[in-house]
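Here is a set of questions and answers on one protein model. Each answer works toward the value or name asked for.

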Amino acid sequence: MPVLASLCRRAAIAALSATVMMPFASAQATQYADQPPLLVGAAWYPEQWPESQWEPDLERMEAAHIHLVRVGEFAWSTMEPREGEYHFEWLEKAIALAAKHHICVVLGTPTAAPPAWFTQKYPDTLRVDNDGRRDEHGNRQQFSFASTKYRELAYKISEQMAERFGKNPDVVGWQLDNELAADSFDPDAIAQWHAYLKQKYGTIDNLNRHWAAAYWSQSYNDFDQIPAHNSDENPALLLEWKHFVSETWKSYSENEIRAIRPHADKRQFITTNTMGWFDGFDSYVEHSVLDIAAWDDYISTDVLDPYDNGLRHDLTRGYKQKNFWVMETEPAFVNWRPTNNALDKGQTRDLAWQAIGHGSDAVEYWQWRAAPNGQEEYHGVLVGIDSKPVPVYDEVKQVGEEFDKAGKALAGTSPHADVALINDFDSRWAIDFQRHSAHFSPTAEMTDFYRPLRDGAQSVDVISVHAPLDSYKVVVAPALNVLPQEVGDHLLAYVKQGGNLVLGPRSGMKDEYDALSVQRQPGPLAEALGANVSQFYALDKPVPVEGDAGSGEAKVWAETIAVHSPETKVLMHYGASNGWLDGQPAVVTRHVGKGTITYIGAWLEQPLLDKLVASVLSDAGVKPLIANVPRGVEVCERSGDGKHVFILINHTQQAQQVSLPSAMHNLLGDGTVSSVELPKYGVAVLAQ
């Protein structure tokens with residue numbers, strides 16, 4: 001069965017940094033020497049329009065310095081209108097016309113949207129939701145990711161495409177499917193789920209023991225008795241279901257990779273487009289079989305939060321620990337929020353350069369032209385239904401011109417950081433299964449920690465807990481709820497060698513089965529810390545906290561800490577509140593080997609957390625790339641091949657001035673400058 005491939009999940013993640021995929025000689029957009037090092041692109045759907053419209057579209061793209069289109073990811077019914085009857089002549093012509101206008105192509109396998117003949121002939125391939133309802137045709141992603149028949153036909157269409165276009169020099173890469181997301185509870189999926197559990201646990205008694213199945217009389221006599229659900233279940237079952245889903249999406253992708261890779265030029269990359277904070281599966285597992293990471297950058301709030309957006313870029317970069325692509329982003333606005341307000345004029349350019357600053361080598365807009373009909377008629381575009389550019393077209397054209405101008409200087413460069421933030425899907429899932437406080441969002445807490453790290457270091461890597469840590473001066477794990485012994489050993493080795501580890505609240509509460517650890521928090525690190533959490537409290541109102549970093553309040557969550565070692569120093573304690581917290585330690589630290597462990601037992605309000613993190617960075621010798629930068633101005637650095645390029649972005653509505661540590665060449669202007677004046681939403685790109 002497909003899911004049985006690569007069941008050793010932790011080993012797959014641990015091996016990620018050593019995975020040898022397609023060799024990337026330098027950090028630039030493609031492996032084709034005749035293509036620009038930075039690419040502006042658009043999602044283009046020639047199948048929706050008469051051929052007479054194609055060349056005028058491409059001419060207008062070329063005028064905007066658009067050098068990339070993604071094509072084909074929803075065109076299955078055009079490629080294969082009837083089973084086994086393939087039509088690629090239109091696609092070959094579209095690719096050739098794009099090349100005529102100096103535009104390269106990423107081909108999308110069309111498996112996110114099966115044709116009507118498919119779902120009519122093979123209704124068992126349709127996904128089944130958590131409540132047992134089978135999906136219907138008429139939308140997208142209505143298939144079961146575990147269906148053997150679906151994978152069979154997905155393989156065939158992918159192979160046919162690869163045989164036709166795998167050696168086409170104008171095709172630089174492949175996108176598998178589109179925005180992998182929905183799990184399924186159909187008979188195929190459930191059978192594979194039971195086989196997965198049997199192979200992992202060996203015996204039903206072993207599973208019952210790890211799941212504490214005697215609770216509520218949940219003990220099983222046979223693996224086939226175990227239900228399949230993604231909510232309202234034993235947390236051990238829910239965590240294991242997420243692992244199963246991750247492995248199933250991985251094997252789903254491998255199915256298409258096996259169809260493409262034997263026929264593809266080795267320079268063509270294979271990726272898929274993930275979705276920022278989406279946690280339906282473990283993206284480290286999925287990316288272990290992909291060449292590069294790519295994601296769809298749509299702002300996650302009604303108003304742009306540069307920290308949240310920057311963090312999600314860094315999260316994506318961390319999946320492969322190298323440069324990535326923005327495969328989709330909004331041309332000013334979308335159509336799926338309650339109120340689809342537009343980005344301010346200038347913010348589309350702001351976002352494009354932020355992507356480059358965080359390590360993207362391509363920024364692609366969704367979509368080029370308004371569709372004549374369909375579910376996304378109101379979505380932002382670059383060209384309207386009447387073929388005329390919309391207002392944001394000129395701003396994207398400016399981005400394209402600037403990418404062309406600065407691209408050579410940025411070729412072969414990528415971000416580097418002294419500070420890492422740990423993203424752990426097991427811990428995020430475990431907390432979300434049992435929040436205890438409705439306001440305890442693991443991603444919101446990550447973002448709160450990211451803000452002072454980004455301000456203080458101006459570069460942050462977001463990595464798996466299994467990634468190598470030796471190169472970092474500071475590693476922060478905001479809520480490492482699931483902390484098995486082997487992970488504890490990995491973190492402790494980092495500390496003993498001179499690293500500085502910061503753990504946030506709720507860390508070390510669970511083992512790898514989402515069971516309560518037999519040790520009090522932080523579990524396997526409690527002995528080294530010389531302290532443990534004595535009790536946790538969900539807060540309905542803020543409580544006072546004070547200490548070395550200043551005074552302020554804790555919100556959402558607070559833990560009291562019992563100190564057992566005279567070497568453990570209390571940095572902050574609670575003030576008078578509910579009696580249980582009064583006077584108790586809230587933050588402690590201890591020197592261990594050559595490094596330190598710090599445990600923050602409360603969700604501190606932002607100003608207080610900022611001060612505490614700034615102190616940790618200072619003690620570790622972490623300094624900003626450019627000092628004394630005005631608030632709201634982001635500093636990014638990309639380096640490599642002997643080059644250092646700084647990207648300064650003013651995310652505010654007021655003009656800002658930045659003094660530089662040395663004279664730098666202005667890549668978007670002329671000459672050498674020692675300071676820069678950034679207008680509202682202004683950008684400067686500077687070579688040292």
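Predicted model: local features only at pLDDT ≥ 70, side-chain atom pairs only at ≥ 80, totals over all residues.

Q: Is His490 buried, partly exposed or exposed, and what is its relative accessible area?
A: Buried means under 20% relative accessible area, exposed over 50%, and partly exposed in between (1.4 Å probe, protein chains only). By these limits His490 is partly exposed, and its relative accessible area is 26%.

Q: Which helix holds His490, and which residues is it in contact with, leaving aside neighbours within four places in sequence?
A: Helices (H or I, at least four residues) and strands (E, at least two) are DSSP runs, numbered from the N terminus. His490 is found in helix H16, residues 485-496. Contact means heavy atoms within 4.5 Å. Leaving aside neighbours within four places in sequence, the contacts of His490 are Val465, His466, Ala467 and Leu469.

Q: Is Asp308 buried or exposed, and which residues does it contact beyond four places in sequence?
A: Asp308 lies in helix H11, residues 306-320. Its relative accessibility is 8%, so Asp308 counts as buried. Leaving aside neighbours within four places in sequence, Asp308 is in contact with Trp277, Ser300 and Thr447.

Q: At what angle do H11 and H15 pack, and what is that arrangement called?
A: Axes are lines fitted to C-alpha atoms, for helices over the stretch in contact, and angles run from 0 to 180 degrees between N-to-C directions. The axes of H11 and H15 are 10 Å apart, at an angle of about 90 degrees. Angles under 35 degrees count as roughly parallel, over 145 as roughly antiparallel, 65 to 115 as roughly perpendicular and the rest as oblique. That makes H11 roughly perpendicular to H15.

Q: Which residues make the contact of H11 with H15, and how do they divide by type?
A: H11 brings Tyr307, Asp308, Gly310, Leu311 and Asp314, and H15 brings Met446, Thr447, Tyr450, Arg451, Arg454 and Asp455. Ala, Val, Leu, Ile, Met, Phe, Trp, Tyr, Cys and Pro count as nonpolar, Asp, Glu, Lys and Arg as charged, and the others, Gly among them, as polar. The division is four nonpolar, two polar and five charged.

Q: How does H15 pack with H18, and which residues make the contact?
A: Helix H15 (residues 442-457) and helix H18 (residues 606-619) have axes 9 Å apart, at an angle of about 45 degrees. That makes H15 oblique to H18. The contact takes in Asp448, Phe449, Arg451, Pro452, Leu453, Gly456 and Ala457 of H15, with Gln606, Leu609, Asp610, Val613 and Leu617 of H18. By type, the residues of this contact are seven nonpolar, two polar and three charged.

Q: Why is helix H12 described as largely enclosed?
A: H12 spans residues 347-357. Among its buried residues are Arg349, Asp350 and Trp353.

Q: Asp177 and Asp232 both have positive phi; is each buried or exposed?
A: Phi of Asp177 is about 55 degrees, and phi of Asp232 is near 55 degrees. Asp232 has 75% relative accessibility and counts as exposed. Asp177, at a relative accessible area of 0%, is buried.

Notes. Residues numbered from 1 in each chain as written. Heavy atoms only, no water.
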